[in-house]
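Here is a short note for a colleague who is meeting this structure for the first time. The points go from the overall layout to particular elements and residues.

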Amino acid sequence: MKETELKVRVFGDPILRKKAKLVRKITDEHRKALSVMAQLMYRDAGIGLASLQAGFTDAMIVVDLGNCLYKVINPRIVECKGRQCLSEGCLSLPGINVKVKRAKKIRLKGLDECGKPVNIAAEDLLACVFQHEIDHLKGKMIIDYASFLDKLKIKDKLAGLKQTRHKPDKDAKTIAGSTGL
Ligand SMILES: [Zn+2]
């Protein structure tokens, strides 16, 4: 896997609408994929990235607001409190921002890259980013939250993104030991 071949998948790439697979057994391949995802996130100056955006089909996310890198496998939200509405961007939707209503505080469970359970309490922007990335694992993107008016505003930009040529989906990497989520 050459780093130069890696890029964040952009809207129109069918992998972004897939559902990620639950990881049953964590291997070195997952650890390698997580470090590739972190590299891509930093390279594109993002604060979070989901596996599907990097072409991996197993359920993994990376998040870093600048002070801590979270790598979470099979992340799931187990508690939600309050409401917030932030204008969100997405590395897979360059140039597009959508206001999204989400929980203000969440509790997230999953596994770290060694298979140890993690239990993370997050609020404000961090809670928002975790919810955004977990949406990606379900094939959901911020444009799905857009109001009718927002949809009209971003229609042309989306059409432009879709026109960029995408690699065929056979590139999607499945890591052994996974099953459907
Ligand atoms: Zn995104």
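1. The secondary structure of this protein, which is given here as a predicted model, comes to 3 helices and 9 strands. Followed along the sequence, these elements are arranged in the pattern β-α-β-β-β-β-β-β-β-α-α-β.

2. Of the 181 residues in the protein, 37% are buried. Where contacts between residues at least 6 apart in sequence are considered, 68% of them join residues at least 24 apart.

3. The largest nonpolar core has 43 residues, and those with the most contacts inside it are Met37, Leu49, Met60, Ile61, Val62 and Phe130. Two or more residues each are given to this core by helix H1 (28-43), strands S2 (48-50), S3 (60-64), S4 (69-81) and S7 (105-111), and helix H2 (124-137). The largest share of the core, 7 residues, is that of H2. As a general background to this point, nonpolar side chains in soluble globular proteins tend to be buried together.

4. Helix H2 has 14 residues and reaches 21 Å from its first C-alpha to its last, which is close to the 20 Å expected at 1.5 Å a residue. Because 11 of its 14 residues are buried, H2 is largely enclosed by the rest of the structure; among the buried residues are Leu126, Val129, Phe130 and Ile134, and also Gln131, His132, Glu133 and His136. Just after H2, Gly139 takes a positive phi of about 80 degrees.

5. Helix H3, residues 148-163, has 16 residues and reaches 23 Å from its first C-alpha to its last, close to the 22 Å expected at 1.5 Å a residue.

6. Val62, one of the residues with the most contacts inside the largest nonpolar core, touches Leu34, Met37, Ala38, Met41, Gly48, Leu49, Leu69, Tyr70 and Lys71, when residues up to four places away in sequence are not counted.

7. Asp64, for its part, has its place in strand S3. Is this residue buried, exposed or partly exposed? Asp64 counts as partly exposed, because it has 18 C-beta neighbours inside 10 Å, whereas a buried residue needs 20 or more. Leaving aside neighbours within four places in sequence, Asp64 is in contact with Met41, Ile47, Leu69 and Tyr70. The C-alpha atoms of Asp64 and Val129 are separated by 9.1 Å, although the two residues are 65 residues apart along the chain.

How values were computed. Residues are numbered from 1 along each chain as its sequence is written. This is a predicted model: local features need pLDDT of at least 70, side-chain atom pairs count only at pLDDT 80 or more; totals for chains, interfaces and linings use all residues. A nonpolar core is a set of buried Ala, Val, Leu, Ile, Met, Phe, Trp, Tyr and Cys residues joined through C-beta atoms within 7 Å. A residue is buried if 20 or more other C-beta atoms lie within 10 Å of its own, exposed if 12 or fewer, and partly exposed in between; C-beta atoms are placed from the backbone. Helices (H or I, at least four residues) and strands (E, at least two) are DSSP runs, numbered from the N terminus. Two residues are in contact if their C-beta atoms, placed from the backbone, lie within 7 Å. The expected span of a helix is 1.5 Å times one less than its number of residues.
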